[in-house]
Amino acid sequence: MGKTRAFQNMHNAAPALTPFLGRSQDMEEIGALLADPSCRLLTLTGPGGIGKTRLAMEIASHHQAFFPDGIFWVSLTQLSRSDDLLPAIAKATPFCFQQESRSPREQFFAYLQEKHAQQVLLVLDNVEHLLEGVDLIADMLAATTSWKILATSREVLNLQEEWGRPITGLTYPAAHAEERAAEEYSAVQLFVERARRLRRDFVLSEDEQGVRDICRLVEGMPLALELAAGWLRTLRPTDIAQEIQRNLDLLATRAHNLPERHRSMRSVFASSWQLLSETDREVFQKLSVFRGG
Ligand SMILES: Nc1ncnc2c1ncn2[C@@H]1O[C@H](COP(=O)(O)OP(=O)(O)OP(=O)(O)O)[C@@H](O)[C@H]1O
Ligand SMILES: [Mg+2]
């Protein structure tokens, strides 16, 4: 029963329509952390579009055997208030609220205490905008003994129980390192995979330098690679690389099935920008991290 529900939850979350590439070392190390009983809250952190959600999906489906009582996926992108966190989490689990005198929180915590020893993985996807509500996560860990939480967030949650795992881009060829073939790098694989969706006749060897340059310029960031590949309808990889170097605005799309925050690198920066404190913004402005922004 737990398994069936977990399976449904995983797949309701965000069906992957593209192959998962690279990340073998991340998968191995995160798998070891999930197997370690002392790690109960693991947060994958990194900038927007770096691949945290995709990696969490892969980890969850790969490690179903660790969690026989269920893997419950909670997507938090649509939530705007931290008060909505508890109902969203409760809805993803088999728990049901009753019409009774106890508050929803009391009811949910009574459920957690009853199921405290279950081997459950709760995935909280995109927590960054609800950080003021993370005490709930600490309370849930305290109320249970075997539940684990895998969170994805642009920022660490800053909880004592937290094990942080920064996620960086896919592997990409460095400027002068020619010893490995380009297609061995996962950033190149991702670009070529997306390229072939647009141009079936795309052949890496004909444009290899341009593809290497793009992967290096965006430091293997998957979202930026997808947006860059979108330009293959009209530009060659070397031109795309040159344009990226000149102007980040090239990395935008008109695709309708992408969330607003993933339609351009500029909107990724803008939404991360909104999460920064006033002091951090001043520091970043001084550093001019947001090129051309
Ligand atoms: N390893 C991978 N293989 C294939 N595609 C990937 C991989 N990692 C990420 N992608 C793709 O890149 C895009 C961005 O990834 P994802 O949504 O996981 O980023 P994110 O870090 O969760 O961003 P945000 O902070 O905005 O939620 C998605 O279209 C995703 O499918
Ligand atoms: Mg995400």
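This is a predicted model: local features need pLDDT of at least 70, side-chain atom pairs count only at pLDDT 80 or more; totals for chains, interfaces and linings use all residues.
Thr 53 is partly exposed, its relative accessible area being 23%. Thr 53 belongs to helix α3 (residues 52-62), whereas Asn 126 sits in the loop between β3 (120-125) and α6 (135-143), so the pair ties together parts that are 73 residues apart in sequence.

Asn 126 has a relative accessible area of 4% and is therefore buried, the cut-off being under 20%.

Trp 147 is located in the loop between α6 and β4 (148-153). With a relative accessible area of 2%, Trp 147 is buried.

Beyond its neighbours within four places in sequence, Trp 147 is in contact with Arg 40, Thr 93, Tyr 111, Leu 112, Lys 115, His 116, Gln 118, Val 120 and Leu 141. For Lys 115, the backbone oxygen lies 2.9 Å from a polar atom of the Trp 147 side chain. The C-alpha atom of Trp 147 is also 6.0 Å from that of Leu 121, although these residues are 26 positions apart along the chain.

## Overall chain

The chain contains 12 helices and five strands. Of its 293 residues, 46% are buried. Among contacts with a separation of 6 or more, 71% are between residues 24 or more positions apart. The chain exposes about 15400 Å², of which carbon and sulfur atoms supply 50%.

Conventions: Residues are numbered from 1 along each chain as its sequence is written. Chains are lettered from A and ligands numbered from 1 in the order in which they are written. Side-chain values use heavy atoms; hydrogens and water are left out. Helices (H or I, at least four residues) and strands (E, at least two) are DSSP runs, numbered from the N terminus. Buried means under 20% relative accessible area, exposed over 50%, partly exposed in between (1.4 Å probe, protein chains only). Contact means heavy atoms within 4.5 Å. Accessible areas come from the Shrake-Rupley method with a 1.4 Å probe; for residues, only the protein chains shown count as cover. A polar contact is a pair of N or O atoms within 3.5 Å; within protein, one must be able to donate a hydrogen and the other to accept it, and residues adjacent in sequence count only if both atoms are side-chain atoms.
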